[in-house]
Amino acid sequence: MSGLEILALVASATAAGAINAIAGGGTLLTFPTLLLCGTPPIIANATSTLALVIGTAGSIFGFRQEIAAVKSWLVRFVPVSLVGGWLGSWLLTHTSDQFFARLVPFLILFATILFLAQNAFRKFAKATPEGKQTRQSGVWVAVAFQFGVAVYGGYFGAGIGILMLASLGFLGLADIHEMNALKNILGSLINLVAATVFTLSGLINWPKMGVMTVGALVGYWLGAHYSKRLPQQHVRRLITIIGFAMSAVTFWKQFH
């Protein structure tokens, strides 16, 4: 790695860590940066996942007081999250680099649109009538949806938190803090399973992962301590611009 590459990787991981601590969507910075540094798409995805997973798991601590309130939902969602995360990561390890490279523009575009819609999902979640009763069939639909989210999360990962917020809102959960606690636990498990599979499959670029992990840890710390001082709307706009720009660039490279 050149000095410029190291600087770019540390900077993107630091920004991603801070963004994940505040809103989510940090993968939209780390993954394209790895691509720009010449990392093959599958290796870039695996390396980004492992570099961010430690900080993602650490975000659970911030919602520890809400965990007791969502235990019943964890019983339903943890098994399918683990299985789906494993399946998605297994699918990635059996995907050719050429095929995944063709999917990259669509995955980045999909994740960017999800990120752009994050506020709408949060507003919907807050507007959901508290105490709404959910039918058993609706719970099973949500479990099936969570399995699909976990498969996508194991395969690529960007935007899974936003998908989960939408699902939990439809279930009738009204407390956004409890929803975030549940979302963070499930997202951490999906990423942890995926990172384990990627590591055992030899898909990690360890030097790049190492420098990015340092940046991610710094970023999560900064985000946790200074999130209220940051103009979150400006951060979201910047991520959205970067996501659409990277999607456009990757589309151009694929089909030019």
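Is Thr-49 buried or exposed? Thr-49 is buried, because its relative accessible area is 12%, where buried means under 20% relative accessible area, exposed over 50%, and partly exposed in between (1.4 Å probe, protein chains only). The points below set this residue in its context.

1. Basis of the note. The model is predicted: local features need pLDDT of at least 70 and side-chain atom pairs count only at pLDDT 80 or more, while totals for chains, interfaces and linings use all residues. Residues are numbered from 1 along each chain as its sequence is written, and side-chain values use heavy atoms, with hydrogens and water left out.

2. Overall make-up. The protein chain holds 11 helices and 0 strands; both are DSSP runs numbered from the N terminus, helices being H or I with at least four residues and strands E with at least two. Of the 256 residues in the chain, 52% are buried.

3. Helix α3. Thr-49 belongs to helix α3, which spans residues 41-58. Gly-157 lies 108 residues from Thr-49 in sequence, yet the two are 7.8 Å apart in space, C-alpha to C-alpha.

4. Leu-9 is found in helix α1 (residues 3-22) and counts as buried because its relative accessible area is 0%. Just after α2, Gly-38 has a positive phi of about 85°.

5. Helix α7. Ala-150 is part of helix α7 (residues 136-155). Its relative accessible area is 0%, so Ala-150 is buried. The C-alpha atom of Ala-150 is separated by 9.3 Å from that of Leu-189, which is 39 residues away along the chain.

6. The loop between α5 and α6. Ala-117 sits in the loop between α5 (97-116) and α6 (118-127). With a relative accessible area of 25%, Ala-117 is partly exposed. Ala-117 and Leu-163 are 46 residues apart in sequence and 10.0 Å apart in space, C-alpha to C-alpha.

7. The cavity. A search of the whole structure finds 1 cavity of 30 Å³ or more. A cavity is a set of points, on a 1 Å grid over the protein atoms alone, where a 1.4 Å probe fits but cannot get out; lining residues have an atom within 4 Å of a point. The largest cavity contains about 40 Å³ of space, the volume being that filled by probe spheres set on the points, which are joined across faces, edges and corners. Its lining is formed by Phe-77, Gln-146, Met-164, Ser-167, Leu-168 and Leu-186. Helix α8 (residues 160-171) gives the most to this lining, with 3 residues. By type, the lining has 4 nonpolar residues, 2 polar and no charged; Ala, Val, Leu, Ile, Met, Phe, Trp, Tyr, Cys and Pro count as nonpolar, Asp, Glu, Lys and Arg as charged, and the others, Gly among them, as polar.

8. The surface patch. Val-214, Val-218, Trp-221 and Leu-222 form a nonpolar patch on the surface, with about 350 Å² of accessible area together. Patch residues have over 30% relative accessible area and no salt bridge, and nonpolar side chains are joined within 5 Å. A salt bridge is a side-chain nitrogen of Lys or Arg within 4 Å of a carboxyl oxygen of Asp or Glu. Accessible areas come from the Shrake-Rupley method with a 1.4 Å probe. Val-214 lies in helix α10 (residues 206-226) and counts as exposed because its relative accessibility is 52%.

Technical notes:
1 Å grid on protein atoms, 1.4 Å probe; cavity = no way out; pocket = protein on both sides within 12 Å on 5 of 7 lines; lining within 4 Å. Patch = residues over 30% accessible without salt bridge, like charges linked within 9 Å, V, L, I, M, F, W, Y side chains within 5 Å.
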